[in-house]
Amino acid sequence: MNLISRAGWKAKAPNGFYTVVSSTRGVKVHYTGGPVPAGIVDDHDLCVQHVRDIQRMHMAGGREVPYMDIGYNMVACPHRKVFMGRGPHHLPAANGPGLNSGHYAVLALVGNKGFTQPNDDLLHAVCDAIDYLRKEGGAGKEVKGHRDGYATDCPGGPLYAWVKKGAPRPDGGASTPEKSWTETLMEDLPLLREGDDKYDVKTARGCMFARGRVPEAVYTNAGLKEWLERTKFDSEFGGLVRDFQRAEKLDVDGLIGKNTWMALHRRASK
């Protein structure tokens, strides 16, 4: 699978915490519900811009209420590339009220005007996204359209007809080798050190919390939420990082690099 990380498409950081889901019954397929320029098939930059525009619209409240991030777990484009949206094990927002926990949401970049007939590479990309969510997110076998659970014409006539056939790969084509979820995650996470003031420090604090490595005093006086929201890599947090590195038998340098990120993620995912 040709996976584009969130850093790769310059996604905005979510403005809240994802709701975690351990598994789903399957995946629901969506389309944009609006025009997609016909030239998108010949210009991948248009795909990137379209995904950014969708995230901006979702977070601004273009779907009646503001989302904390793009509403889809993954987005497939007509160049057989898959954009990381919310990713596996995160609740989507696109399936409709009360329906999000049942299925992951995959958007196909095809619309109701302009580019309306999915090409083979787009269908392969949707299949790649489905395979990925099954492997990395515990998605079940169901593949449905958005309209199967919500009163909408999504994912449009041509794409829905393909879904009703069981979402087969064009010409029986095979999937392509794919990166693991952890490998993709590591591409998005920078080296952190004391003194940094970055959103990614919040990610590291969340992992530390999931690992149970939060100072006891933080739990008093409703201090946990404030502690988790800090973006500053202060000396207190540096001490927690070094303690964690000792426990994990890592180099005790107080830096959060690839090996420390991987250890934090591994522990936080258990």
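Here are some numbered notes on what stands out in this structure, which is a predicted model.

1. **The main core.** Start on the inside. The largest nonpolar core holds 48 residues, and Met74, Phe83 and Leu109 have the most contacts inside it. Helix H2, residues 120-137, gives this core its largest share, with 9 residues. There is also another core lying apart from it, made of 20 residues, including Leu192, Val201, Met208 and Phe233.

2. Have a look around Phe83, one of the residues with the most contacts inside the largest core. If you skip its neighbours within four places in sequence, Phe83 is in contact with Ile4, Trp9, His44, Cys47, Val48, Val51, Met74, Val75 and Cys77. Two of the names there, Cys47 and Cys77, come up again in the next point.

3. A disulfide is a covalent bond between the sulfur atoms of two cysteines. For Cys77, the closest cysteine sulfur belongs to Cys47 and sits 3.9 Å away, but the cut-off is 2.5 Å, so that is too far for a bond. Cys154 isn't in a disulfide either: its nearest cysteine sulfur, in Cys127, is 17 Å away. Cys77 counts as buried because its relative accessibility is 0%. Cys154 also counts as buried, at 5%.

4. The peptide bond joining Cys154 and Pro155 is cis, with omega at about 15°. To find Pro155, go to the loop between strand S8 (139-145) and helix H3 (157-164).

5. **A histidine on the inside.** Is His50 buried or exposed? His50 is buried, because its relative accessible area is 17% and the limit for that label is under 20%. Helix H1, residues 44-60, is where you'll find His50. Leaving out neighbours within four places in sequence, its contacts are Thr32, Pro35, Val36, Pro37 and Leu109. You've met Leu109 already: it is among the residues with the most contacts inside the largest core.

6. **Two lysines with positive phi.** Which way does phi go at Lys10, positive or negative? Phi of Lys10 is positive, about 55°, even though this residue is not a glycine. Lys10 belongs to the loop between strand S1 (2-4) and strand S2 (24-30). Lys249 is another non-glycine residue with a positive phi, near 60°. Its place is the loop between helix H7 (235-247) and helix H8 (258-268). Lys10 counts as exposed because its relative accessibility is 60%, and Lys249 counts as exposed at 75%.

7. Asp131 and Val27 are 104 residues apart in sequence, yet their C-alpha atoms are 9.9 Å apart in space. Asp131 itself is partly exposed, with 27% relative accessible area.

8. Rolling a probe the size of a water molecule over the atoms shows where empty space is left. The second largest pocket has about 440 Å³ of space. It is lined by 18 residues, and the closest to its centre are Arg63, Tyr67, Ala94, His146 and Tyr150. What kinds of residues make up the lining? The lining of this pocket splits into 9 nonpolar, 7 polar and 2 charged residues.

Notes: Residues are numbered from 1 along each chain as its sequence is written. This is a predicted model: local features need pLDDT of at least 70, side-chain atom pairs count only at pLDDT 80 or more; totals for chains, interfaces and linings use all residues. Side-chain values use heavy atoms; hydrogens and water are left out. On a 1 Å grid over the protein atoms alone, a cavity is a set of points where a 1.4 Å probe fits but cannot get out, and a pocket is an open set with protein on both sides within 12 Å along at least five of seven lines; lining residues have an atom within 4 Å of a point. Grid points are joined across faces, edges and corners, and a volume is the space filled by probe spheres set on the points. Ala, Val, Leu, Ile, Met, Phe, Trp, Tyr, Cys and Pro count as nonpolar, Asp, Glu, Lys and Arg as charged, and the others, Gly among them, as polar. Buried means under 20% relative accessible area, exposed over 50%, partly exposed in between (1.4 Å probe, protein chains only). A nonpolar core is a set of buried Ala, Val, Leu, Ile, Met, Phe, Trp, Tyr and Cys residues joined through side-chain atoms within 4.5 Å. Helices (H or I, at least four residues) and strands (E, at least two) are DSSP runs, numbered from the N terminus. Contact means heavy atoms within 4.5 Å.
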